[in-house]
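Please give a short briefing on the structure shown below, for a reader who is meeting it here.

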Amino acid sequence: MNERLKKVTTVVKDKWSGFSKVVKILICTIPVVIVAIIIILSIMLNHKDSAVLFSGLTTTEVSEISRVIT
């Protein structure tokens, strides 16, 4: 198991050293950008704007509206 792990790490290191600097930068930045886009989209899509529809209502009117809504 230990030899196999060393072999795999050697292969990965050889492949990594074979890449140009631009490719290395792209390999590192693309996943970060994708995660950032996912986080931004999830925040934007889950944000709910709220506004006051009625003001100055009595507690009876508020309870009646909430009863109708639910």
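Helices (H or I, at least four residues) and strands (E, at least two) are taken as DSSP runs and are numbered from the N terminus. By that rule the chain has 3 helices and 0 strands, and from the N terminus on its elements run α-α-α. This is a predicted model, in which local features need pLDDT of at least 70 and side-chain atom pairs count only at pLDDT 80 or more, whereas totals for chains, interfaces and linings use all residues. Residues are numbered from 1 along each chain as its sequence is written, and side-chain values use heavy atoms, with hydrogens and water left out.

**Overall form and surface**

- The radius of gyration, taken over C-alpha atoms, is 28 Å for the chain, while a compact globule of 70 residues would have one near 11 Å, the globule rule being 2.2 Å times the number of residues to the power 0.38.
- Along its principal axes, the C-alpha trace of the chain spans about 75 × 35 × 15 Å.
- Of the 70 residues in the chain, buried ones make up 0%, where buried means under 20% relative accessible area, exposed over 50% and partly exposed in between, with a 1.4 Å probe and protein chains only.

**The aromatic pair**

- Rings of Phe, Tyr and Trp (its six-membered ring) pair if their centres lie within 6.5 Å, and planes under 30 degrees apart count as stacked, over 60 as edge-to-face and the rest as tilted.
- The count by this rule comes to 1 aromatic pair, and the rings of Trp-16 and Phe-19, with centres 6.3 Å apart and planes at 85°, are therefore edge-to-face.
- Trp-16 is partly exposed at a relative accessible area of 35%, and Phe-19 is likewise partly exposed, at 34%.

**The loop between α2 and α3**

- Asp-49 is found in the loop between α2 (21–46) and α3, and with 70% relative accessibility it counts as exposed.
- The side chain of Asp-49 makes a polar contact with the side chain of His-47 at 2.9 Å; such a contact is a pair of N or O atoms within 3.5 Å, and within protein one must be able to donate a hydrogen and the other to accept it, with residues adjacent in sequence counting only if both atoms are side-chain atoms.
- Asp-49 and Val-32 are 17 residues apart along the chain, and their C-alpha atoms are separated by 29 Å.

**Helix α3 and the segment after it**

- A search of the whole structure finds 1 salt bridge, a term for a side-chain nitrogen of Lys or Arg within 4 Å of a carboxyl oxygen of Asp or Glu.
- This salt bridge joins the side chains of Glu-64 and Arg-67 at 2.5 Å, N to O, and the two residues, 3 apart in helix α3 (residues 59–69), are separated by about one helical turn.
- Glu-64 is partly exposed, with a relative accessible area of 38%, whereas Arg-67 is exposed, with 54%.
- Ile-65 also lies in helix α3 and is partly exposed, with a relative accessible area of 31%.
- Thr-70, in the segment after α3, is exposed at 82% relative accessible area, and its side chain reaches the backbone oxygen of Ser-66 at 2.8 Å.
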